[in-house]
Amino acid sequence: MHVVVLSSDPRLDETIRAAGISALRPAGETRGGAHPQPAAIIADVRGLAQLPAALFAARKEYPSASVILVASTLDPRLMLEAMRAGVSECIQEPLNPETLGQAIRKVVSGAQPAATGQVFAFIGAKGGVGTTTVSVNTAAMLARAGKTDVLLIDLNIGLGDAALLLGVEPRFSVIDALENVHRVDESFFGSVVEKTKVGIDLLGSSDRMIAGGIDPQRLRRLIEFAAARYRYTVLDVPRSDVTMLDTLEVASTVTVVTTQELPSLRSAGRLAHMLRTRYGAARVMAVMNRVDRRSEISLADVERVIGDSVKHLIPSDYRMALQAVNVGRPVALETGALADSFRSLAGDLGGIVKQKRPASSGVFGRLAFRRA
Ligand SMILES: Nc1ncnc2c1ncn2[C@@H]1O[C@H](COP(=O)(O)OP(=O)(O)OP(=O)(O)O)[C@@H](O)[C@H]1O
Ligand SMILES: [Mg+2]
């Protein structure tokens, strides 16, 4: 493994070499021509007020290398700039071979600890189809049935309402988590998540927007860390954000939420197709919310458009859904057909309670999916 060092201080190279890592200067500074891709770019920003131009040049030259900053203090403005530039790690003085070597190896070894938990993403075919309701209730059921730790991340930056459905007002948001993802460790989640009464930890959306949009690299890292820390991580993903749709590699399942209405169905078909192409058919599934048995659009129609079977049907219960929001307690904790459908969905995803799709009883049996 070798790294490329951008610094005016030759002692930095020596310290890195003392850690057993080969330290080279960028190809432009040496006469030996281009290096093979380094594992990381180490940029020395001690005494600098902004990121050096050489860093941007090096990133262009070595696009797959992680970036590590060496700083004397964690100046907030510089840190913000660093985060926007996708810097993975920041090492502060005093520098010694041990800390430097450890930090470089941590970042290079993929930075991400091996994910052991499962990640379930939910994406609405259209706004208002009930993606947040389904995400929150699935998370609540997973926490309850599995008696395990569950994290819900509301990725609807600036617009999310998962916190409302859970009856909490989080102090920190997913933006705080993303802005600090370079220092993510065991205690990190403990300090940024909001504990809820239903046993879910929540990383809620925030009121403020994020300048320049979300950095996919940072989001990926956050999700990967969540997967390493939590048994289940549930993501409420905004459909409109293409960046986010591109960061779901870690997800075990990506669920498209649709209704029987024509506009959402049309969009569900496209979305499911796009997700299957990107993540593989085995990981993509569709559920139908607010099922309307009198609809002119039958289940067979829905499945034809989506190009796959609809795995779960979630009944429509306006009163119950409204009541749940008003008291900030997910319907999954009540009794009834709506709660049953979330239990079945959570069980299916988490493999907690294996339930077969009912052939002629239950929700399917009661619904006459025929044209009127
Ligand atoms: N199964 C259901 N039966 C009746 N009403 C429901 C059901 N699911 C969701 N709703 C209601 O539909 C509305 C929209 O739900 P929700 O906020 O979950 O949708 P969303 O897709 O997340 O919306 P947005 O696009 O704004 O994020 C809410 O008023 C909710 O109570
Ligand atoms: Mg929502």
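**Entry 1**

I began with ligand 1 and found one of its oxygen atoms 2.9 Å from a polar backbone atom of Gly130. I keep in mind that this is a predicted model. Next I looked at Thr132, where a polar side-chain atom lies 2.7 Å from an oxygen atom of ligand 1. Then I turned to a nitrogen atom of ligand 1, and a backbone N or O atom of Pro315 sits 2.9 Å from that nitrogen. I also looked up the area: ligand 1 exposes 630 Å² when taken alone, and the protein buries 75% of that.

**Entry 2: who stands around the ligand**

How many residues surround ligand 1? I noted 15, and the closest are Gly128, Gly130, Thr132, Thr133 and Asn289. Sorted by class, the shell holds 8 polar, 5 nonpolar and 2 charged residues. I then asked which elements supply at least two residues each, and wrote down helix H5 (131-145), strand E12 (284-291) and helix H13 (318-327).

I followed H5 from end to end. The helix has 15 residues and reaches 21 Å from its first C-alpha to its last, close to the 21 Å expected at 1.5 Å a residue. Is H5 mostly covered or mostly open? I found it mostly covered, with 12 of its 15 residues buried. Among the buried ones are Thr131, Thr132, Val134, Ser135 and Val136. Further along, I listed Asn137, Thr138, Ala139, Ala140, Met141, Leu142 and Ala143 as buried too. Just after H5, I stopped at Lys147, which takes a positive phi of about 45 degrees.

**Entry 3: a look at Thr15**

Last, I visited Thr15, whose place is in helix H1 (residues 10-18). Why does Thr15 count as buried? Its relative accessibility is 17%, and buried means under 20%, so Thr15 falls on the buried side. My reminder to myself: an α-helix has 3.6 residues a turn, so residues three or four places apart point the same way. Leaving aside neighbours within four places in sequence, I noted that Thr15 is in contact with Leu95, Asn96, Pro97 and Leu100.

Key:
Residues are numbered from 1 along each chain as its sequence is written. Chains are lettered from A and ligands numbered from 1 in the order in which they are written. This is a predicted model: local features need pLDDT of at least 70, side-chain atom pairs count only at pLDDT 80 or more; totals for chains, interfaces and linings use all residues. Side-chain values use heavy atoms; hydrogens and water are left out. Helices (H or I, at least four residues) and strands (E, at least two) are DSSP runs, numbered from the N terminus. Buried means under 20% relative accessible area, exposed over 50%, partly exposed in between (1.4 Å probe, protein chains only). Contact means heavy atoms within 4.5 Å. A residue is near a molecule or strand if one of its heavy atoms lies within 4 Å of it. A polar contact is a pair of N or O atoms within 3.5 Å; within protein, one must be able to donate a hydrogen and the other to accept it, and residues adjacent in sequence count only if both atoms are side-chain atoms. Accessible areas come from the Shrake-Rupley method with a 1.4 Å probe; for residues, only the protein chains shown count as cover. Ala, Val, Leu, Ile, Met, Phe, Trp, Tyr, Cys and Pro count as nonpolar, Asp, Glu, Lys and Arg as charged, and the others, Gly among them, as polar. The expected span of a helix is 1.5 Å times one less than its number of residues.
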